[in-house]
Amino acid sequence: MAKALFHKSQRVFVKPVGTWAVVEHVVPHWVKDVNEPLRITYDCGLGRPFHAHELVSEQAVHNQNRVSDEDDDMMLEHWTVERRSIKWRPSEFGVTLANPGTYPVVTTDEGSAGGWRVGGTEYDRDPQRIEHQARMIVHTPDLMRIARRVAEFASDNPGEFPADLKPVAQHCALILRNVYRLDEEITVAAE
């Protein structure tokens with residue numbers, strides 16, 4: 001049976017979205033003739049309910065003290081490409097790729113359930129493009145780490161940062177601000 005780990009009006013970090021939110025409603029899912037809810041989801045006003053493993057409390061963040069310049073595991077997860085067998089057509093019609101008879105699925109959570117996948121007709125139309133997209137998506141967290149380090153270095157060391165790369169650092173800061181929807185502005189020293 002499930003127990004509520006978060007309460008209404010609690011500030012939490014929503015990992016799949018990458019932003020902070022407030023729990024608006026705790027939604028228990030009941031089963032007839034059972035005294036406790038089967039599962040509990042949390043409505044944070046972000047368009048869908050979230051499970052407890054997708055949320056991190058503000059207190060846990062402060063207690064862990066894990067947020068560092070090297071790696072921000074809460075905001076940047078480690079995604080993987082898994083291969084799933086193609087069920088919509090026989091394998092003899094498979095394309096000549098590294099893994100015939102399969103298609104890529106990008107998993108973005110620990111349970112290998114959430115992530116990115118394509119429909120069969122889209123994969124059949126252009127498998128090379130879909131394979132390329134899967135590789136790009138998987139490496140996005142690493143690219144976000146690089147963009148963050150470039151933007152932070154430019155902001156912290158405006159005199160040492162090459163003038164030719166300042167537009168790149170500013171673009172990195174804009175991308176980060178857009179992805180994380182930051183209220184405070186990431187500033188890059190302009191000279």
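A contact here means that heavy atoms lie within 4.5 Å of each other, and among the contacts in the chain with a separation of 6 or more, 48% are accounted for by residues 24 or more positions apart. The structure is a predicted model, in which local features need pLDDT of at least 70 and side-chain atom pairs count only at pLDDT 80 or more, while totals for chains, interfaces and linings use all residues. Residues are numbered from 1 along each chain as its sequence is written, and side-chain values use heavy atoms, with hydrogens and water left out.

The chain has five helices and nine strands, taken as DSSP runs numbered from the N terminus (helices H or I, at least four residues; strands E, at least two). Of its 191 residues, 30% are buried, where buried means under 20% relative accessible area, exposed over 50% and partly exposed in between, with a 1.4 Å probe and protein chains only.

Side chains of opposite charge can pair when their charged atoms come close. Counting a salt bridge as a side-chain nitrogen of Lys or Arg within 4 Å of a carboxyl oxygen of Asp or Glu, the chain has four. One of them joins E131 and R83 at 2.9 Å, N to O, and this pair links distant parts of the chain, since E131 belongs to helix α3 (residues 127–138) and R83 to strand β7 (residues 80–85), 48 residues apart. E131 is buried at 12% relative accessibility, whereas R83 is partly exposed at 29%.

Within helix α4 (residues 140–156), R145 and D142 are three residues apart, about one helical turn, and their side chains form a salt bridge at 3.0 Å, N to O.
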